[in-house]
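User: I have a structure open and want to learn how to read its features one at a time. Please give me the general idea first, then the case here.

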Amino acid sequence: MSLESLSVADSLAGVDRDEWNALAGEQPFVRHEFFSALLESGSAAASTGWRPQFLLLRRAGALAGAMPLFAKTHSYGEYVFDWAWADAHERHGVEYYPKLLCAVPFTPVRGTRILGDKEPLVHAALEMAKGYSSLHVLFSTEAEILEQHGMLVRRTVQFHWRNEGYTDFEDFLARLSHARRKNIRQERRRVREAGVSLRVLEGEAITSAHWEFFNRCYQRTYAAHRSSPYLNLDFFLRLGRALPRNMVLVLAEREGRAIATSLLVRDATTLYGRYWGAVEHVPLLHFECCYYQAIDYAIANKLEIFEGGAQGEHKIFRGLLPVETLSAHWLAHPRFARAVEQFLEREGAGIARYVNELADHSPFKNQEEK
């Protein structure tokens, strides 16, 4: 009798938290608590188009590997866009949904997606995918392994800030070109002149009332864009209770009243920008809450990187530089697989040119200014 087994779970209720986290490491987004909050709050569930199909590898009863898979009936909340692929399938009478997705829902953050022993999990996931149109592994640091197994690699761009040993925010500003330094100082001054003060709350200092205000801002942001929010108050409350040491909340106040907030998530080396919202409009407050406060916090806490989230060329003017992120894709239908492969070759060349062009707009001093 084999001591190794593979199984598929539709929840984490029967998976030991400590065993899972021993494989996951310290990045909060792949920890047992984060996935549990998503599932148990109903944010990522079959009813919302995210049917959990977590692949579990056990040896002698102990968890040796895990892969967070979802059967998806749409492509919302992924941030690696495949709507054109889905449309091409449908136009040719081939169903694209459900597809099989390995990702952290609603979270465009780089990191491991295949926990523990990777080889048997990749083999098993590709076997599972034969019952679907495709398999997608998003924002994965295992792209090389996945490519070796025949998956196609897709490149996208994010904007990240790197700590070059700055002593404080002024030291960071001193490394920027005169124009960019002047612009950031003007933006921060205008927020202060509008009567706004800011404070940063961490861990257990973030109360239920703070989470309720944050959720109000979060919901309002989605409503302003005429879209439906992915997450709910139950998710944020669960997250705050389960992973307090990873939570950082920026609170903007005017005349003693909270008017805006942004949520940052941290681990030992990296700060991750996540969500923002406001109940009053103050010009430039978004940049203060989402970028300048984050950079300030990262410097003060000696964090190495601040990941600013998906998209947004405006970030480059505030010290966040372009970084390639990788995802991997397998399509069951050979004809579509060839077409996607050709598309990704063209897109990849375009991404490389785009990154090079962005480098010409670096906010940092050039050699003549140093």
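User: Where is Tyr-76 placed?

Analyst: Helices (H or I, at least four residues) and strands (E, at least two) are DSSP runs, numbered from the N terminus. Tyr-76 sits in the loop between β5 (69–72) and α3. This is a predicted model, in which local features need pLDDT of at least 70, side-chain atom pairs count only at pLDDT 80 or more, and totals for chains, interfaces and linings use all residues. Residues are numbered from 1 along each chain as its sequence is written, and side-chain values use heavy atoms, with hydrogens and water left out.

User: Which residues does Tyr-76 touch?

Analyst: Contact means heavy atoms within 4.5 Å. Leaving aside residues up to four places away in sequence, Tyr-76 touches Trp-50, Trp-83 and Tyr-230. Asp-234 is 158 residues from Tyr-76 in sequence, and their C-alpha atoms are 20 Å apart in space.

User: How is the exposure of Tyr-76 and Trp-83 classed?

Analyst: Buried means under 20% relative accessible area, exposed over 50%, and partly exposed in between (1.4 Å probe, protein chains only). Tyr-76 is partly exposed at 47% relative accessibility, and Trp-83 is partly exposed at 36%.

User: How should I read a sheet?

Analyst: Strands of a sheet pair through backbone hydrogen bonds, either parallel or antiparallel. Two strands pair if DSSP finds at least two bridges between them. In this model, an open sheet of four strands has the order β1-β3-β4-β7, with antiparallel pairing. The edges are β1 (4–9) and β7, each with a single partner strand, so one side of each has no neighbour in the sheet.

User: Which strands pair with β4?

Analyst: Strand β3 (residues 54–59) is joined to β4 by five bridges, and the two run antiparallel. Leu-56 has Ala-66 of β4 as its bridge partner. Strand β7 (residues 115–116) also pairs with β4 in the antiparallel sense, over two bridges. There, Gly-65 is partnered by Gly-116, and Ala-66 stands opposite Leu-115. In the hairpin of β3 and β4, two residues lie between the strands, and Ala-60 takes a positive phi near 50°.

User: Why is β4 called largely enclosed?

Analyst: Strand β4 (residues 62–67) has five of its six residues buried, so the rest of the structure largely encloses it. Helix α4 (residues 118–129) lies across β1, β3, β4 and β7, at about 140° to β3. Such angles run from 0 to 180 degrees between N-to-C directions, with axes fitted as lines to C-alpha atoms, for helices over the stretch in contact.

User: How many salt bridges are there?

Analyst: A salt bridge is a side-chain nitrogen of Lys or Arg within 4 Å of a carboxyl oxygen of Asp or Glu. A search of the whole structure finds 26. One of them joins Arg-17 and Asp-18 (3.8 Å, N to O); Arg-17 is partly exposed at 45%, while Asp-18 is exposed at 53%. Another joins Glu-33 and Arg-31 (3.8 Å, N to O), and both of these residues are buried.
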